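Hi everyone, thanks for making time this morning. I'd like to walk you through one structure, so let me put it up on the screen.

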Amino acid sequence: MGANKLNIMKPAKIFIFYFLLIIYSLEILIFFFVTENTLSKKDIVNKRIEIAKERGLEYDTRTREKAFLDFKKDNKDLEPAFYYSPIFKFSKTFSNAKKNNEVIPFRGPINSKSLTCAEDLKYKLIENDKFGFKNSNSIYDREINSMLLGDSYAEGSCQISENDIAGNLIKKGFATANFGVGATSPLVSLGIMREFGKMIKPKNFIYLYYEGNDLEGLNWEKKDNHLISYIDDEYNINYLEKYDQIEYFLKLSASESMSYINSFEEKNYLNEKITLKKIKENIIDILELKKIKYIVRHNILNKKHTKYDLDLFFSIIKKMNLEAKKYNSNFIFVYVPDSTRYISFPRTAALNEAMNLKSEILRVISETNITIIDLTNFFDVAENVEQYFPLGYIGHFNANGYKKISEIIATKLD
């Protein structure tokens, strides 16, 4: 009896052994030979440098930290930027303020310069107004026609003010205040409308929705007790009356950011340790069969990567429309496409899902009689569409792109 049991167990153990061997061999093959659906930031920068070299263009290879420190030598009023966004979720200043229910600014610095990104491989300095937004203070001396809201596309990332959407609308005679805040989602825009709308009272509130990550960012914003409270029609914190607290927060945040920036050279010396840490993480991923689990979940079982809260999103848009009506203003919803619609680049599953929601988003919003500008109507048929993006590669729009968008928006303004 005992011998028979051993004879049965031996093939079972052999089967399990070979099964595990095949599974882990497959995981290793997928890990090393199947291309990820994303590229690293370093890969993207290297591609931009390659394009610049091919075109004989000048380019800057400095890290953002290095460029900041170099610019700081000749610009004493240069300060680190701040955004009420997930970018700062690991900031001690930010987390402490949230924990203690203190006032947190939407954007900063105040009355200082800050450094742009460099998707065209050229860093630039921009002015920030007395409220911490990307404007000249002189804009408030005029009757403001339009208030621009949204994330980095509204803000005009990587461009100086005269070349972003607000700047181009100003050139066309529409005094436009830029209240865009990079890396944010619609709850921040609703909050800005609530806190600043009564002061600005523009003819038009223009909200730019970016399909790339606004819904994903909303999953973070809705967990913020302060931001989600703006869903309540009566909620506000009298933001404009608390500038001493806002200035104090930005001072602490700038100090913390400067400590990080000053340590960037030291971090470069830690590359070997970081690489070793990455190797360990990769080994753990292989042992946990992460690649195979992902393929089974998303390609075979066809499960969604991210759950987006469309009900909350539509509720926010309706609240923004109602907020505009308080001041007899128009509310304009601008649909901003991701650059990968037009430039070949691997997309994440989350991005594909968000892009596939376009028709539903525009359908529901159109039913509320909100004015819609769908920028894909232009870019889908544009000749040489690459001319509107930095170096003809992925990223935010370049100066040409923002100028074209301002021309499209201007047709809807009074």
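I'll start with the whole chain, then go to a sheet, and finish with a single serine.

One thing to keep in mind is that this is a predicted model. The protein chain has 18 helices and nine strands. Of its 414 residues, 50% count as buried. The chain exposes about 22,100 Å², and carbon and sulfur atoms supply 53% of that. If you take contacts between residues at least 6 apart in sequence, 76% of them join residues at least 24 apart.

Five strands form an open sheet in the order 6-5-7-8-9, and the pairing is parallel. So which strands stand at the edges? They are strand 6, residues 176-178, and strand 9, residues 371-374; each has a single partner strand, so one side of each has no neighbour in the sheet. On average, neighbouring strands here are turned by 20° against each other, ignoring direction.

Let's zoom in on strand 5, residues 146-150. Three bridges join strand 5 to strand 6, and the two run parallel. Within strand 5, you'll find L148 opposite N178 of strand 6. Lying across strand 5 and strand 7 (204-210) is helix 7, residues 186-200, which runs at about 160° to strand 5.

Last stop: S406, which is in helix 18, residues 399-410. Is S406 buried or exposed? It counts as buried, because its relative accessibility is 0%. And what does S406 touch, leaving aside its neighbours within four places in sequence? Its contacts are I165, N168, L169 and K172.

That's my tour, so over to you for questions.

How values were computed: Residues are numbered from 1 along each chain as its sequence is written. This is a predicted model: local features need pLDDT of at least 70, side-chain atom pairs count only at pLDDT 80 or more; totals for chains, interfaces and linings use all residues. Side-chain values use heavy atoms; hydrogens and water are left out. Helices (H or I, at least four residues) and strands (E, at least two) are DSSP runs, numbered from the N terminus. Buried means under 20% relative accessible area, exposed over 50%, partly exposed in between (1.4 Å probe, protein chains only). Contact means heavy atoms within 4.5 Å. Two strands pair if DSSP finds at least two bridges between them. Axes are lines fitted to C-alpha atoms, for helices over the stretch in contact, and angles run from 0 to 180 degrees between N-to-C directions. Accessible areas come from the Shrake-Rupley method with a 1.4 Å probe; for residues, only the protein chains shown count as cover.
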